[in-house]
Amino acid sequence: MKTSTRTRTRTLIAAALVLGIVSGPAVAAHAAGAPAAAVAAGAAGPDGRVRAAGAQAPLFPSPPDAAALERAIAGLGADHPEATAALVRVGGTSGSWRGGSGVADVRSGRGAIEDARFRAGSVTKTFTAAVVLQLAAEGRVDLDRPVQEYLPGLLPGGPGGFEPVSVRQLLNYTSGLRSADGPGDAFADEYAHRFDVVDPRALIANAVAKGPESRPGEKQHYSNIHYTVLGVLIEKVTGTTYEKAVSQRILRPLGLRDTSFPARTQTRIPGPHNHGYQAVPRPGGGSSLVDVTEWNSSSNWAAGDLISTTADLERFTVALFGGKVVPRPQLEEMFTVPDVQDAETGEHAVQTAGLKEFRLPGGAVVYGKTGARFGYNTVIGGSRDLSRTLVYSVNSTDAKGRDMNKVAMGIVGAAFAG
């Protein structure tokens, strides 16, 4: 069968985006030293130079490919090898598309709930970063000031201890902090402890006890611990809980009524939701689905505790990129990649403050954030000119697996090809 040019383009885009989104920074290249105007524009011309945002056509001038998006989420359910359900919202000035597929739960087989709430995982980090940048805009936080001055004793110095770590270095994962220990790397280990209540400050203490991994600003290492510390910083500066700070500053002003943070001991998703499942190998071959919907997510807190809907996350993404959540001078932090290498791959960093940079074939740039909790894969993102945005929730049966989720791959390929 002959492959069309458009199909090949979708495949290339999907590979670039999903590898970058799910697997790390190996694919998404960074133009080191690109000026601020280049970052703001989001697209390179034929000569390789990036044009000013106000002097070019929309990055995505055509409506999204509805047929391709429908194909991407077709046939989901209990017998699908990758996902039991998916909810997708593609938007922007060039046009929009909404769709859903699959089942709300595999036992009843009832259809997926369109306005379902779900665990958004590390998309939480974008909200956390936004609050910190708001505080910076208000003069209450200095991004270049050591976090030790805001939180004395949290990162002790001295021999084998920590050098000054700036707030900005926490935001862009260059603080040099090590990750905290969890119950184990295998699903069985985490599942056995799914109802544990974890104190975020205990996680910080665990990570700090290991000493620094690298000097501040030397390398980028994506992990939750940076944003766990930022959650504590938000509480110290605002004088309220992290959850109330995000609610007062973002959720209420934007009318995100279906977005919330679970209580510390809460294990259920409030309101209508599609169940999440993890595929577990059977001893004799094949696999079975384990319901992972009920889970205590306190260990993720400011790094991954959020519960939301695709509609709420789309509204948040549009408002954020449009400068209505974070003032534009501070918003540039979300579109600025530090000029360092990734600690794991050795390639150039791609993480920003709360987002991540992805380069499409041809040089165009989009920004986004992913989240992965067992049973739930989430993405928010789009182009800076808001000609195209994407939000999805995929009920992946291996949400934290190393391999790309093929449903997600099809969605991102179709969304950013038009």
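Analyst: Leucine 386 counts as buried because its relative accessibility is 17%, and buried here means under 20% relative accessible area, with exposed over 50% and partly exposed in between (1.4 Å probe, protein chains only). Leucine 386 sits in the loop between β11 (376-382) and β12 (389-396). Its phi is near 60°, a positive value in a residue other than glycine.

Before going on, a word on the model: it is predicted, so local features need pLDDT of at least 70 and side-chain atom pairs count only at pLDDT 80 or more, while totals for chains, interfaces and linings use all residues. Residues are numbered from 1 along each chain as its sequence is written, and side-chain values use heavy atoms, with hydrogens and water left out.

Strands (E, at least two residues) and helices (H or I, at least four) are DSSP runs, numbered from the N terminus. β11 and β12 pair in the antiparallel sense over 6 bridges; two strands pair if DSSP finds at least two bridges between them. Take threonine 378 as an example: its bridge partner in β12 is serine 393.

Step back and you see that β11 and β12 belong to an open sheet of 6 strands, in the order β2-β1-β12-β11-β10-β9, with antiparallel pairing. β2 (97-102) and β9 (356-359) stand at the edges with a single partner strand each, so one side of each has no neighbour in the sheet. From one strand to the next, the twist averages 20°.

Helices pack here too. α12 (residues 310-321) packs on the sheet, touching β1 (83-91), β2, β10 (365-373), β11 and β12, and its direction makes about 145° with that of β12. (Axes are lines fitted to C-alpha atoms, for helices over the stretch in contact, and angles run from 0 to 180 degrees between N-to-C directions; contact means heavy atoms within 4.5 Å.) α14, for its part, lies across β1 and β12 and runs at about 165° to β12.

α14 (residues 406-415) is mostly covered, with 7 of its 10 residues buried. The buried residues of α14 are Val407, Ala408, Ile411, Val412, Gly413, Ala414 and Ala415. At its N-terminal end, α14 is capped by asparagine 405, whose side-chain oxygen lies 3.0 Å from the backbone nitrogen of valine 407.

Threonine 378 turns up again when you look at alanine 120. Alanine 120 touches Leu306, Leu313, Gly371 and Thr378, not counting residues up to four places away in sequence. Its own place is in strand β3 (residues 118-121), and with a relative accessible area of 0%, alanine 120 is buried. Alanine 372 is 252 residues from alanine 120 in sequence, yet their C-alpha atoms are 7.1 Å apart in space.

Tyrosine 173 has a phi of about 65° although it is not a glycine, and it lies in the loop between α6 (167-171) and α7 (187-192). Tyrosine 173 counts as buried because its relative accessibility is 0%.

Serine 175 is found in that loop between α6 and α7 as well, and at 1% relative accessibility serine 175 counts as buried too. Its side chain makes a polar contact of 2.9 Å with the side chain of histidine 226. (A polar contact is a pair of N or O atoms within 3.5 Å; within protein, one must be able to donate a hydrogen and the other to accept it, and residues adjacent in sequence count only if both atoms are side-chain atoms.) The side chain of serine 175 also reaches the backbone nitrogen of leucine 177, at 3.2 Å. Leaving aside neighbours within four places in sequence, serine 175 is in contact with Val165, Gln169, Leu170, Ser214, Pro216 and His226.

Strand β5 (residues 277-281) and strand β6 (residues 287-291) pair in the antiparallel sense over 5 bridges, with glutamine 278 opposite valine 290 in β6. Their hairpin has 5 residues between the strands, and glycine 285 there takes a positive phi near 110°.
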